[in-house]
Amino acid sequence: MLEKNFDPKTAESRLYAMWEASGAFAPTSDPAAEPFSIVIPPPNVTGSLHIGHALNNTLQDVLIRFERMRGKAALWLPGTDHAGIATQMVVERQLAAAGNVSRRDMGREDFIAKVWEWKAESGGTITNQLRRLGASCDWSRERFTLDDGLSAAVRKVFVTLHKQKLIYRDKRLVNWDPHFQTAISDIEVEQREVDGHYWHFAYPLEDGSGEIVVATTRPETMLGDTAVAVHPTDERYKHLIGRAVRLPIVGRPIPIIADEYADPEKGSGAVKITPAHDFNDYQVGKRNNLPMINILTDDAKINENGPKDYQGLDRFAARKKVIAAFEELGLLREVEKTRHAVPHGDRSGSVIEPYLTDQWYVDAKTLAQPAIKAVEEGRTVFEPRHWEKTYFEWMRNIEPWCVSRQLWWGHRIPAWYGPDGKIFVEETEAAAQAAAREHYGRDEPLRQDEDVLDTWFSSGLWPFSTMGWPEKTSDLERFYPTSTLVTGFDIIFFWVARMMMMGLHFMGDVPFNRVFINALVRDAKGAKMSKSKGNVMDPLELVDQYGADALRFTLTAMSGQARDIKLSTQRIEGYRNFGTKLWNATRFTEMNGCARAEGFDPALVKNTLNRWIVGETARTVQSMTKALDACAFDDVANGLYRFIWNTYCDWYVELAKPILNGADEAAKAETQATAAWALDVILKMLHPVMPFLTEELWAQTSDLGAARAEGMLITARWPDLAESLVDAAADAEIGLIIAAVSEGRSVKAELNVPHSARPPLLVVEANDAQRAVFEANAAVIAQTLRVSELQFVASAPEGAIPFVVNGATLALPVAEFIDLAAERARLAKEIAGHASDIAHVNKKLGNPAFVANAKEEVVEENRERLAESEAAKAKLEHALSLLEAVV
RNA sequence: GGGCGGCUAGCUCAGUUGGUCAGAGCACCUGGUUUACACCCAGGGGGUCGGGGGUUCGAGCCCCUCGCCGCCCA
């Protein structure tokens with residue numbers, strides 16, 4: 001006998017261990033099985049599971065479990081990302097906290113050893129947390145972006161792209177993060193609106209004949225100014241073009257040039273040009289052959305190109321000093337308050353400086369073309385579809401991808417420099433030396449590039465590098481392209497786009513056929529969860545509190561197509577209750593001898609109620625299968641909820657009670673068998689979303705009745721029930737019973753008939769078929785509606801309360817209890833309802849254009865509806881008139 | 001400035017190709033010792049589907065326009 005409640009705390013770890021030990025997570029080796037594969041978006045190895053991971057991985061697990069049960073060779077390939085900056089940051093912080101020497105004092109080798117040490121200790125945290133969630137990943141295939149195989153893949157890709165001239169070295173402005181002292185890519189830059197100022201500076205003309213005013217939000221950059229630009233058509237300045245101003249503080253004469261970049265509408269119309277420290281100015285500088293003066297050090301202090309008394313000053317201190325100097329010189333014309341966007345590093349949070357450096361670039365524009373085409377042609381489909389616009393938008397305007405990072409933790413760039421600076425890009429040092437020997441005609445000492453690659457470079461290879469590429473492995477053969485990628489929209493640029501480019505280039509095929517973009521989880525108020533706001537919900541705490549299944553079900557139910565999910569514990573609690581409901585329904589069936597019958601065939605059941613639930617079950621299987629195929633996760637959750645609670649528990653079990661307690665042994669046996677059968681189907685359908693509870697119920701009911709053909713639920717076969725199991729006659733019959741009971745309950749409740757009262761239910765008027773249903777089901781209706789019996793009468797006695805169900809008139813003789821006013825109100829309400837319906841339909845049918853243009857079946861439907869409503873209204877009006885007569 | 005998404009019951013959201021589509025869950029109100037479940041059962045109130053205009057026999061669903069809100073990119 002089942003306990004009263006499911007206990008997730010003890011069951012979850014036990015069941016997970018059982019699954020894992022059984023090998024159920026690995027794809028079946030059956031060569032005939034169709035492959036279905038998902039690669040996990042590798043979480044940062046430093047990370048711990050947040051609610052976004054919980055959602056993302058729940059959805060992947062739902063798909064994997066579904067396809068596994070369907071008999072496919074389902075592979076969910078897990079792993080983690082070395083996460084260059086993030087990890088380096090964590091370890092550096094730890095070193096600092098422990099009072100250790102800094103990274104730089106420690107040296108590269110020792111520091112990296114420290115990181116690996118840290119990874120060995122803490123790197124398993126997040127994968128263990130995924131296990132708590134129930135994720136059925138194939139852990140035997142787990143990968144890490146910095147493991148040997150993936151590192152080899154990275155080198156191969158880099159060298160190949162270099163030889164194809166799709167990777168090159170270039171000197172240009174990059175986004176420089178002074179905190180980490182590395183370049184970062186455009187998409188790692190976050191624009192933040194901040195309060196700032198426009199400082200209007202006067203630059204005196206060199207000949208002393210006047211001045212020209214420019215404005216800037218970054219005064220310190222004036223130290224690197226090499227021109228002032230005005231618009232070529234700007235009449236105010238035309239006469240000054242070609243002349244020069246003397247740059248205050250610095251004393252350098254700089255030219256006044258004509259360039260369309262200057263906007264006559266903005267400020268004075270003249271703009272200072274600092275080619276080495278501003279992206280727009282850089283373009284202007286290139287167009288006009290201006291010198292580019294870098295005035296900053298790697299850590300954003302003024303370098304030797306600045307005036308003596310500025311050298312070594314931090315950029316913000318230098319800013320203050322520049323402003324003070326202008327004020328002193330009497331050249332500060334105006335200070336204007338402004339709000340403007342300032343670039344920040346998404347990891348460091350520090351202000352990014354445009355900075356002129358040598359970096360490695362990937363020719364993303366070229367690689368993007370096939371990636372754009374693949375989505376245009378539908379070889380990869382985004383779900384929801386509208387994300388394709390975002391993808392195209394970015395891909396069509398893609399910039400060269402800066403892939404070098406001045407960090408230590410990551411894939412060292414496989415490039416070696418000869419004594420003369422000649423670059424040898426090879427997969428190994430030995431190969432580079434060989435190439436150098438070839439080039440120089442002798443051995444020369446080589447120096448490897450100090451930089452590492454952007455983390456996203458290795459994650460871009462993830463769908464094939466994890467399967468063993470560049471080796472030709474059987475996994476690649478079988479599971480590439482992967483079936484579906486499930487990820488968040490925030491990394492469409494970072495990750496999805498890069499995988500598309502790399503996959504197409506190196507595998508000649510898309511990395512995945514479908515990309516499901518999941519929503520972003522927010523708190524109950526819709527705010528983004530963040531540690532600083534203190535509104536973070538820890539998924540593991542929620543698992544502790546409500547069980548993994550409840551959390552999974554909640555996330556599944558809420559993952560519609562909307563961008564945001566607003567998560568509240570109330571919701572989780574409700575779905576925890578849903579699990580308990582199913583648990584207790586199972587407990588009920590167990591108590592009532594429901595057990596699998598040997599050779600049970602749902603097509604052969606005779607009892608109407610059983611035929612009905614068989615049909616409803618088949619319908620649900622079909623809609624759930626369809627919804628899962630379409631990644632309509634919310635439909636899955638809602639459909640299961642409704643079927644299990646409102647159909648199986650509320651009606652099937654309730655209507656089955658009289659049979660289970662009755663004397664008709666044949667009907668009883670059939671009902672016991674059908675209830676058990678339907679429950680098994682339910683467990684299967686619910687398993688992908690609530691794996692723990694269902695597996696536990698599956699186990700606990702395993703010895704009830706005939707043995708199951710299948711072992712554990714996780715590997716049981718997904719149900720396949722034919723549409724033909726739906727029986728229209730059974731639907732109509734049970735539908736009438738449900739309608740009669742519901743309406744009868746409503747009447748009793750509205751008239752405040754005491755709960756203990758047991759009037760008979762009078763069948764006043766009904767067609768032959770309906771009469772037969774009422775006769776056959778009198779006992780069930782009587783028990784469920786809590787009436788004494790059913791009586792068939794020619795007309796309703798005085799004071800009986802009539803109600804209309806599917807055209808039949810029923811009545812409850814409860815005159816002694818009723819409040820006349822209440823009854824009058826009830827009737828009036830019903831009549832009004834029908835009246836408005838009639839008016840609505842009449843208006844339609846009265847419109848000749850409607851009858852002429854609308855589809856025949858629509859017109860017919862409306863005619864029927866009108867007739868029904870009119871009949872019902874007439875009956876109720878008659879009842880009301882009788883009531884008035886009594887009074 | 002450009003792009004994308006949203007605006008449906010008090011709250012959170014569903015509403016496929018326009019024709020019972022005005023729904024669900026929660027919240028709220030009323031009643032309940034129905035021997036599976038109070039993590040329960042039964043019943044109930046509540047929305048002119050952001051505003052305006054248009055197409056259509058018919059629009060929450062299509063078009064235009066305006067207004068907010070959010071996100072992304074400049």
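A salt bridge here is a side-chain nitrogen of Lys or Arg within 4 Å of a carboxyl oxygen of Asp or Glu. This is a predicted model, in which local features need pLDDT of at least 70 and side-chain atom pairs count only at pLDDT 80 or more, while totals for chains, interfaces and linings use all residues. Residues are numbered from 1 along each chain as its sequence is written, chains are lettered from A and ligands numbered from 1 in the order in which they are written, and side-chain values use heavy atoms, with hydrogens and water left out.

**Stop 1: charged pairs**

Side chains of opposite charge can pair when their charged atoms come close. Searching the whole structure gives 44 salt bridges.

Select Arg141 and Asp138 to begin: their side chains form a salt bridge with an N to O distance of 2.5 Å. Is each partner buried or exposed, taking buried as under 20% relative accessible area, exposed as over 50% and partly exposed as in between (1.4 Å probe, protein chains only)? Asp138 is buried at 3%, whereas Arg141 is partly exposed at 22%.

Next select Arg442 and Glu444, whose side chains meet in a salt bridge at 2.7 Å, N to O. Glu444 is buried, with a relative accessible area of 17%; Arg442, at 48%, is partly exposed.

Now select Arg70 and Asp629. The closest N and O atoms of this salt bridge are 2.8 Å apart. Arg70 sits in the loop between helix 2 (51–69) and strand 2 (73–77), and Asp629 belongs to helix 20 (residues 608–629), so the bridge ties together parts that are 559 residues apart in sequence. Helices (H or I, at least four residues) and strands (E, at least two) are DSSP runs numbered from the N terminus. Both partners are partly exposed, Arg70 at 23% and Asp629 at 35%.

**Stop 2: RNA strand B**

Which of the 40 residues around RNA strand B come nearest? They are Gln570, Thr580, Lys581, Trp645 and Asn847.

- Trp645: a side-chain N or O atom is 2.5 Å from a phosphate oxygen of RNA strand B.
- Gln570: a side-chain N or O atom is 2.6 Å from a sugar or linking oxygen of RNA strand B.
- Arg576: a side-chain N or O atom is 2.9 Å from a base oxygen of RNA strand B.

Elements giving two or more residues to this surface include helix 19 (569–591) and helix 21 (633–660). Helix 19 gives the most, with 11 residues.

**Stop 3: Asn294**

Finally, select Asn294, in the loop between helix 8 (279–287) and helix 9 (315–329). Asn294 is buried, at 18% relative accessible area. A polar atom of the Asn294 side chain lies 3.0 Å from the backbone nitrogen of Leu296. With neighbours within four places in sequence left aside, Asn294 is in contact (heavy atoms within 4.5 Å) with Ala276, His277, Asn303, Asn305 and Tyr355.

Notes
A polar contact is a pair of N or O atoms within 3.5 Å; within protein, one must be able to donate a hydrogen and the other to accept it, and residues adjacent in sequence count only if both atoms are side-chain atoms. A residue is near a molecule or strand if one of its heavy atoms lies within 4 Å of it.
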